[in-house]
Amino acid sequence: MLYLMSHLQFHIQHGPFFSFHFPLGQMTDLIYTEKELVQSLKEYIQAEESKLAAVKSWANKLDVLTLASTSDPEVYLAHPVNAYKLMKRLNTEWSELESLVLQDPSDGFISNMTVHRQYFPDEEDEKGAAKALMRLQDTYKLDSESFSKGKLPGVHHNAILTVDDCYDMGKTAYNEADYYHAVLWMQQSLRQMDAGEEHVVSKADVLDYLSYSVYQMGDLPRAIELTRRLVAIDSSHQRAGGNLRYFEKLLSKQLKELNQEVQEPATEEPIQLGTYKRPKDYLPEREIYEGLCRGEGVKMTSARRSRLYCRYHDGNRNPRLLLQPMKEEDEWDSPHIVRYLNALSDSEIEKIKELAKPRLARATVRDPKTGVLTTANYRVSKSAWLEGEEDPVIERVNQRIEDITGLTTQTAELLQIANYGVGGQYEPHFDFSRKDEPDAFKTLGTGNRVATFLNYMSDVEAGGATVFPDFGAAIYPKKGTAVFWYNLFRSGEGDYRTRHAACPVLVGCKWVSNKWIHERGQEFRRPCGLTEVD
């Protein structure tokens, strides 16, 4: 029975967490791959049609011929030419026809598919894409209908989800015991089905998953109503009858315990985004973080704004910045966060992306206990690391960061390039290691991360902000600019206010490059202090 199987699944199987790991930088290549395959498919169809036309022509000719020959075979064969041609047809021409029929025009198409298949997304990527939509749905409070009809901010191309697409989304959530999202997407599938849209999936299947998911959300009256609809459609359904009896018995027991005799009728209102409460998870500041991603709860007051300035920055009269100082803008007063305009040129950005694209791999985080880089479910992006010696552009960018900050980059980590596709994110985290993880950067031998220099290498149509939940700041990507902040106080203690996150990309493609500057080598550039001051 569905409910027993799912109940067991809930307890013994949580399954792998699927993340959308195809960044848009690589997905654009897939667009052209698909175009090439479509062309190959059209060529295959044309070849099949040509073959079929030849077979049809032969059949029509033989149809006329056999009509004449069978009307009086002896008279027909009395003519020696007809006798000869019959022998010729049966010995040669029918063999040629057999070869034509057996010829497979699909060989070219299949070989083309084989070449490209190795680059295709796999099942994990498909599930990750579904999870990415659900993540965006949660973060930006978008209902399933908005996605289904393509009603998203900043979109340039309309894209819709069919009944079957919504069903597959719901099934992906259901298989991971995520009944909250299973309800939302099965309900949307049912809504579009009831509206008369074409579909392959049966209404019984949708109601089957929807009713049990609603039960898992604790709504027994609605689960009973949906299951009754299922029974009305398919009275022989192998699970519906058992589920209905189970739900009714459970509701009766609950009413008895509450001393209620009358059952509240199930609401006829469609299930919306706020019908059921989203389950809590491991992230304590989830609501604050996602609110900031939506632009809610930003604590930029008029008093704080009056303390923010813009200026020309010459790096304490650094020779490389004297003639062309950087344009520096305050983003936040405490902790002090600044943005630099024109930190990267378009040509530098394109070169960095060109170098990084072949190396992009699933982004990693440093394990706080072992210090080893590993993947994590809360970081969904692809990244690559570039050394200064690889290209003059990288060396120039490193030197520019050193000139601007006044800190040495000799002990800094390599330039990390990160690409966030749709749904790509990095949940709230610290860039520095805390006291409970003393070995986080031990293998580097350069101390803790004293500062972060973050280059934005693309604009983002919607989403993708860098937010700081502790003090309510939201900084939006702007191509060619960079933001900078210190992670450590002068005393060497970590500034816990700098916990930050990269919001999921709603529409667009986000490219950034990070430079994490370490303590070693900064002794005379940023002298230590006894107090925790910025």
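Biologist: What is the torsion about the S-S bond of Cys293 and Cys503, and is the disulfide left-handed or right-handed?

Modeller: The torsion is about -85 degrees, so this disulfide is left-handed. The model is a predicted one. In general, a disulfide is a covalent bond between the sulfur atoms of two cysteines. Here the S to S distance between Cys293 and Cys503 is 2.0 Å.

Biologist: Which parts does the pair Cys293 and Cys503 tie together?

Modeller: Cys293 lies in helix α13, residues 286-293, while Cys503 sits in the loop between β16 (500-502) and β17 (505-507), so the link ties parts that are 210 residues apart in sequence.

Biologist: How many disulfides does the structure hold?

Modeller: It holds 1 disulfide.

Biologist: Is Cys293 buried or exposed?

Modeller: A residue counts as buried under 20% relative accessible area. Cys293 has 6%, so it is buried.

Biologist: How is the protein chain built, in helices and strands?

Modeller: The protein chain has 17 helices and 18 strands. Of its 534 residues, 48% are buried. Among contacts with a separation of 6 or more, 74% are between residues 24 or more positions apart. The chain exposes about 28,500 Å², and carbon and sulfur atoms supply 54% of that area.

Biologist: Now the backbone. Which residues does a cis peptide bond join?

Modeller: Most residues other than glycine have a negative phi, and most peptide bonds are trans. In this model a cis peptide bond joins Ser334 and Pro335, with omega about 0 degrees. Pro335 belongs to the loop between β2 (326-332) and β3 (337-341).

Biologist: What is the phi of Ala177, and is it positive or negative?

Modeller: The phi of Ala177 is positive, near 60 degrees, in a residue other than glycine. Ala177 is located in the loop between α8 (163-175) and α9 (179-194). With 15% relative accessibility, Ala177 counts as buried.

Biologist: And Asn316: is its phi positive or negative?

Modeller: Asn316 has a positive phi of about 55 degrees, although it is not a glycine. Its place is in the loop between β1 (310-313) and α15 (319-322).

Biologist: Does Asn316 count as buried or exposed?

Modeller: The cut-off for exposed is over 50% relative accessible area. Asn316 has 76% relative accessibility, so it counts as exposed, whereas Ala177 counts as buried.

Key. Residues are numbered from 1 along each chain as its sequence is written. This is a predicted model: local features need pLDDT of at least 70, side-chain atom pairs count only at pLDDT 80 or more; totals for chains, interfaces and linings use all residues. Side-chain values use heavy atoms; hydrogens and water are left out. A disulfide is a pair of cysteine sulfur atoms within 2.5 Å. Helices (H or I, at least four residues) and strands (E, at least two) are DSSP runs, numbered from the N terminus. Buried means under 20% relative accessible area, exposed over 50%, partly exposed in between (1.4 Å probe, protein chains only). Contact means heavy atoms within 4.5 Å. Accessible areas come from the Shrake-Rupley method with a 1.4 Å probe; for residues, only the protein chains shown count as cover.
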